[in-house]
Amino acid sequence: MTAARKPSQQDPIADPPQRRSAPRKDPADKAKPARPTPLARLGLHTDWDIALHLPLRYEDETRLTPLRALRDGEMVTTDAVVIETQVQGRAPRRQLLVRLHEPEAGDAVLTLRLFHFYPNQLKTLQPGVRLRVHGQVRQGLFGWEMVHPTWKLVDANAPLPSTLTPVYPATAGVPQSYLRKAVAGALERLVWRDTVPQEELTRHHLPDLPSSLRTLHAPPAAALPALEAGAHPAQRRLKFDELLAQQLAQQQARAQRRRWKAPALPAAAEAHSLPAQLRAAIPFTLTAAQERCVAEIAADLAQTAPMHRLLQGDVGSGKTVVAALAAAQTVAAGWQCALMAPTEILAAQHARKLADWLEPLGVGVAWLSGSQTKKEREAALQRVASGQAQLVLGTHAVIQAQVRFARLGLAIVDEQHRFGVAQRLALRDSLRAGTQGSGLQPHLLMMSATPIPRTLTMALFGDLDVSAIDVLPPGRTPVRTSVVSADRRDELIARVGALTAQGRQAYWVCPLVEESETLDLQNAVATHAELSAALATRPGQGAVQVGLLHGRMKAQEKRATMQAFSAGEIGLLVATTVIEVGVDVPNASLMVIEHAERFGLSQLHQLRGRVGRGAAQSDCVLLFTSPLSPTARERLGAMRELTDGFALAQKDLELRGPGELLGLRQSGVPGLRYADLAQDTDLLEAARDTAQRLLVAAPEAARQHAARWLGEGFDWLSA
Ligand code: ADP
Ligand code: MG
């Protein structure tokens, strides 16, 4: 419950109610009370910020442990009397030894070791004075010891605190005592107004906010286990509040979008319509899951409200054809469709597939990418602007400012979560600029092959409609997964040789070296050299062509390598994770992943999805290097047992948390500071439920709640 969050700049909770709706006043009016810098350094600017600066953990100083009852390693509070104080050693190893006993109870002795002390402390710690010390006890050479305990002088029978002692996240130079005082002051000054109506709290069994915050800053001792589990009602209240704010914002954004207009692209019904021709040209029958998604999208496109839909489907589930049918419907209605992929390789692959399907049916196709020559690009731009190109394919080059669409009706984004924030914003702007002068916004279809557990979809994409292809096309044999020690690498190389001799193909994914693209690269290059050498000199068989693919290659080179692999000219492709998404070579039937223990489940699943695309039995070999951590062991075990991407994603969420799952490394889910999506599913459901009611029944309370949690600056209408 501690991830940093941008502090809200206002103090909405403390504002007198009438100011909420009053027009903006003179800025001087809003001047914050001057605060000492230590709090500012912690990002705490208002009483509300301070009240939300929750303890990292708690210490139990509510009970005294007699010296005779000490146990090794325990954190205890104890009262005892100084017998002797002694300075030992020389600087810098000087230490102060303070020996304590309990005069009324036996002969047990406790020695305090203090490495930092002041001369006047020496004077204070005279024999006979009584101390209350708190710290971890150890059985040392000369009996019980505490190194650097906290201590203070007390009288006999001095009262104990009745509540747990909070330990706050701090920065150097901000003492806990200072923070405790600041929090107490802030809690006292806050004028409490609960933005969540009592009936909602009752419904979801949640306490009110003021008492929740007070409890969290000074909980009773009995609350410790629940607090440590993150399940205390006061904690749940805060989690609920931030989830509610997020749900409100998303539902509001969604309602707002319904007021915008998009071109209605009716599903063409006649037998010779473009979608019908496309269906006739596709060499397979759509699965029921694909048909359902096609129908959901077709219905959305026919509306004048812009579609905002996420199409989720495991790797290989067949999203491309669904996208192609949406494109066909758009073009048939006389509008343009743009499809954007995160990498050149993927964009090229889509371009080829969609162009192969649609060009013969008379659809004009244009290609836009960063690696085009200026001339190629200008020609393409011209075709886009004139409307000659009805289908526009490419990387994010598609949404750059110079690109002017004549009549953009549908934008499709593949692997949408792989696009960075800047690119997503650019997409939003580009969609708004949309269809020149028409005042209409294009429909938006996002596709993701990273199956995301329902909780995360709700939390992150609550403003989207979701279609899921939850069944793989028929005729696939599930990929067999084995977990193999790296000691058996040579055997595996021989197996690759045998496999390629039969005309099949394989991938060999190189270890991911954290934080180092350079090392990744060296690794891939070295592995490529090693495997080429090993496979070049095999008696009785021709040499295996070994290709190399990594992120530093030029787009052109990458594309050439992928094409050679697709065409079967390369037998074994050594690659970094650049092949992770979308690459489709049905003849490849073996995937070797080195140092599989370093990958997350979702990533392994994506990689594994590169094979098993044809009818042949495919294998995925996860090579690991000992020793394995318990979670790594569990992850690899899950990979062997589970083939369903959604089940694996759920497991990944439990094992590593949402940040890792979404590739956000450590940053967690944006905007969530307290809630833990792996744990707090029920609260998310509750928040969604409350948000729906609040927006209808109490829109002003809803707005206030969102402002409190997301900041006044939060753009309530356009999020
Ligand atoms: P992804 O969802 O990962 O983008 P693709 O659209 O690339 O999946 O489809 C994977 C492979 O399955 C492609 O070769 C595609 O032609 C094939 N495919 C898609 N749908 C079907 C189907 N209903 N029946 C048989 N093969 C299909
Ligand atoms: Mg795909």
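Reply: Buried residues (under 20% relative accessible area, 1.4 Å probe, protein chains only) make up 52% of the 719 residues in the chain. This is a predicted model, in which local features need pLDDT of at least 70, side-chain atom pairs count only at pLDDT 80 or more, and totals for chains, interfaces and linings use all residues. Residues are numbered from 1 along each chain as its sequence is written, chains are lettered from A and ligands numbered from 1 in the order in which they are written, and side-chain values use heavy atoms, with hydrogens and water left out.

The chain has 24 helices and 21 strands, taken as DSSP runs (helices H or I, at least four residues; strands E, at least two) and numbered from the N terminus. Of the contacts (heavy atoms within 4.5 Å) between residues at least 6 apart in sequence, 75% join residues at least 24 apart.

The pair is α11 (residues 288-301) and α12 (residues 319-332), whose axes lie 10 Å apart at an angle of about 30 degrees. Axes are lines fitted to C-alpha atoms over the stretch in contact, and angles run from 0 to 180 degrees between N-to-C directions. Angles under 35 degrees count as roughly parallel, and α11 and α12 are therefore roughly parallel to each other. On the α11 side the contact is made by Gln290, Cys293, Val294, Ile297, Ala298 and Leu301, which meet Val321, Val322, Leu325, Ala326, Gln329 and Thr330 of α12. By class, nine of these residues are nonpolar, three polar and none charged, where Ala, Val, Leu, Ile, Met, Phe, Trp, Tyr, Cys and Pro count as nonpolar, Asp, Glu, Lys and Arg as charged, and the others, Gly among them, as polar.

Key
Buried < 20%, exposed > 50% of the residue type's maximum accessible area, 1.4 Å probe, protein only. Parallel < 35°, antiparallel > 145°, perpendicular 65-115°, else oblique.
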